[in-house]
Amino acid sequence: MGAHHHAIPEEKPWVMPGSWMKTAIVLILVGLAGTVYGFMDASWRGWSNVLIAGVYFTGVALGAAFQFAVFSFTNGGWWIGVKRVMEAFTTFLPIPMLVMLAIGLFGMHELYEWSVPEIMDNDPLLQRKALLLNETGWLVRVVFYFAVWMTTTFLMRKFSRAQDATGDVKYTIFNVRVGAIHTVFYGLTVTFASLDWLSSLEPHWFSTIFGVYQFIGMFVCAAAFLVLFVLSMQKAGYLSWITEDHYHDFGKMMFAFGTFWAYIWVSQYILIWYANMPEETGFYIARQNDGWMAIFFLNLACNWVLPFLILMPRNNKRNPKILALVAGMLIFGHWLDLYLQVMPATSHFAVHHHGATVHGPLFGLQELGPILLLGGVFILVMGKMLGAAPLLAKKDPYLQESLAHHQ
Amino acid sequence: MSSAVATHGHEEIAKQTRELFVGIFTEEHQLMSVAKDATDNGHPVHDCYTPYPVHGLDDALGWKRSWIPYASFCFGLFGLSLAVGLQVHSQYVDFVPFWRGWPIIIGGKPFLSWPAFIPVFFELTVLCTGHLTVLTYLIYRRLYPGAKVKVHIDGVTDDRFAIALDPEGEGFDEDQARALFAKHGCTEILTVEGRV
């Protein structure tokens with residue numbers, strides 16, 4: 001629609017709602033208890049759940065950073081009203097970095113078989129991969145990935161906020177460039193990071209689409225978080241400029257990219273199923289037997305089948321209650337997806353090398369610990385970081401387009 | 001909303017011509033406001049003509065949602081059924097005389113290895129939905145090759161926006177219509193012969 005006579009809405013200065021604080025405290029307390037209990041129970045189990053939580057929240061921040069980058073360099077207009085929420089998400093990166101560094105320094109031997117010298121010495125196949133699979137390299141790469149992501153997201157936030165003062169269109173153009181550069185680096189780093197952190201849990205197995213699969217999981221999860229945060233902020237009286245038409249776009253984002261997730265899921269599964277080669281099928285055999293089958297299908301249901309069917313009608317995409325329901329489903333679904341990738345591998349490793357006796361999926365307070373702990377910290381950090389800049393980018397040249405957005 | 005040869009929003013398409021009372025505007029937002037004003041104040045709007053799709057114009061005119069998405073859903077189900085039928089028949093049905101499939105063992109897998117069918121499920125669903133939806137739209141709106149031009153207004157496929165009122169419609173008043181057009185910055189008023 002044309003850029004005409006849309007008054008700039010009044011904006012309430014951000015103060016974290018009391019309900020966020022309460023939720024965060026409950027999550028952190030339960031999370032701490034669960035994490036401590038998990039480590040007391042079995043340290044491999046504690047570290048597995050820390051890994052899931054670390055990768056999960058890296059993904060929330062990175063998914064938002066990717067959305068910010070893509071909407072910037074494609075000259076998107078509708079998203080300007082929620083731009084500051086995405087910016088706040090990207091500020092979370094240092095915390096998952098600490099989690100990943102802790103895993104690299106203290107927990108690696110509980111998770112990655114290639115980090116145990118006796119196993120490496122007796123496995124010629126792993127020795128051929130030692131260039132990539134070694135502890136120093138893993139740690140250096142963690143620092144490198146986060147350094148890249150934190151630099152580009154810092155620049156994107158900086159240019160976005162600098163525009164608030166002057167309204168100079170050059171900042172929009174800067175972000176087109178930084179967004180494009182971020183996307184190129186992100187494509188490479190997210191692939192290598194997912195190989196390092198997840199795929200190398202089963203170092204004999206390989207899948208060339210693995211990086212794309214992680215990337216799209218992050219994207220959908222970040223979109224779902226965005227929906228929940230925006231709805232919660234609106235309930236507290238903020239973001240009054242976000243309308244049903246913006247909800248419609250959130251709905252389309254979850255619908256379309258949830259379906260893309262399923263497309264990548266099938267692309268990985270079907271080639272391995274079809275070729276039926278033992279060095280590839282091991283990944284799925286471990287996830288379809290010993291009681292994992294139900295979770296294997298629940299993963300598909302939560303991440304694609306249900307969201308796809310629920311979000312198909314137009315009115316459901318415009319209904320905040322239904323959007324929140326689907327977002328919750330996807331938030332749980334992405335955790336389940338990571339759980340299904342990590343736990344069968346690490347429990348198998350624990351049984352064979354740490355003398356654990358596990359058969360099938362485990363679920364208890366130990367699993368809830370780290371993910372809820374980081375979730376609580378995430379809410380607290382967002383409560384703080386949403387106040388770092390005005391919630392409405394008043395001088396963004398695309399602001400009028402966002403305010404007048406209509407489906 | 002539509003190109004110069006389309007007539008949206010009219011449920012009855014009778015084969016007759018009539019003079020339409022047309023106001024020409026140069027800006028999208030002028031058309032939006034005149035369309036809303038005309039609808040709210042009971043002027044008989046025949047249709048609007050714009051060079052590109054204008055978001056929100058259907059709301060401004062008070063039109064109902066199109067039924068075409070529901071047709072698309074049905075076409076999707078049809079495509080999926082076609083894919084299921086095609087593959088299950090050709091890989092399994094060898095017991096119906098004169099209508100046999102040709103089951104073949106591929107890669108040592110059983111005949112009904114449905115995961116292998118997924119790409120075809122997907123493709124035929126998308127193919128049928130896409131093509132049949134476009135065809136339905138073109139036929140329903142009479143936009144197929146050789147269809148007669150219904151309304152011709154110069155410039156509405158280029159840089160002008162037009163709203164057409166139906167002078168024989170209920171509530172039409174030429175003076176009020178002129179005042180309405182003028183209020184929203186109309187640059188030209190025409191009477192155009194339309195096949196309505």
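View 1. A search of the whole structure, which is a predicted model, turns up 18 salt bridges over all chains. Here a salt bridge is a side-chain nitrogen of Lys or Arg within 4 Å of a carboxyl oxygen of Asp or Glu. Side chains of opposite charge can pair when their charged atoms come close. In this close-up, the side chains of B:Lys183 and B:Asp37 form a salt bridge, 2.8 Å from N to O. This pair links distant parts of the chain, 146 residues apart: B:Lys183 lies in helix α5 (residues 174–183) of chain B and B:Asp37 in helix α1 of chain B. Helices (H or I, at least four residues) and strands (E, at least two) are DSSP runs, numbered from the N terminus.

**View 2. Where chain B meets chain A.** The contact (heavy atoms within 4.5 Å) takes 16 residues from chain B and 14 residues from chain A. How much area is buried between chain B and chain A? About 1,300 Å², with carbon and sulfur atoms giving 70% of it. Buried area is the accessible area (1.4 Å probe) that two parts lose on being put together, summed over both. B:His29, B:His55 and B:Lys109 supply 35% of the area that chain B buries against chain A, more than any other three residues.

**View 3. Polar contacts across the interface.** Between chain B and chain A the count is 0 salt bridges, but 3 residue pairs are in polar contact, both residues at pLDDT 80 or more. A polar contact is a pair of N or O atoms within 3.5 Å; within protein, one must be able to donate a hydrogen and the other to accept it, and residues adjacent in sequence count only if both atoms are side-chain atoms. On the side of chain B that touches chain A, α1 (28–40) and α4 (118–140) of chain B each supply at least two residues.

**View 4. The end of helix α7 in chain A.** Just after α7(A), A:Gly167 takes a positive phi of about 75 degrees.

**View 5. The elements of chain B.** Look for 5 helices and 4 strands in chain B. Along its principal axes, the C-alpha trace of chain B spans about 80 × 30 × 25 Å.

**Reading the views.** Residues are numbered from 1 along each chain as its sequence is written, and chains are lettered from A in the order in which they are written. In this predicted model, local features need pLDDT of at least 70, side-chain atom pairs count only at pLDDT 80 or more, and totals for chains, interfaces and linings use all residues, while side-chain values use heavy atoms, leaving out hydrogens and water.
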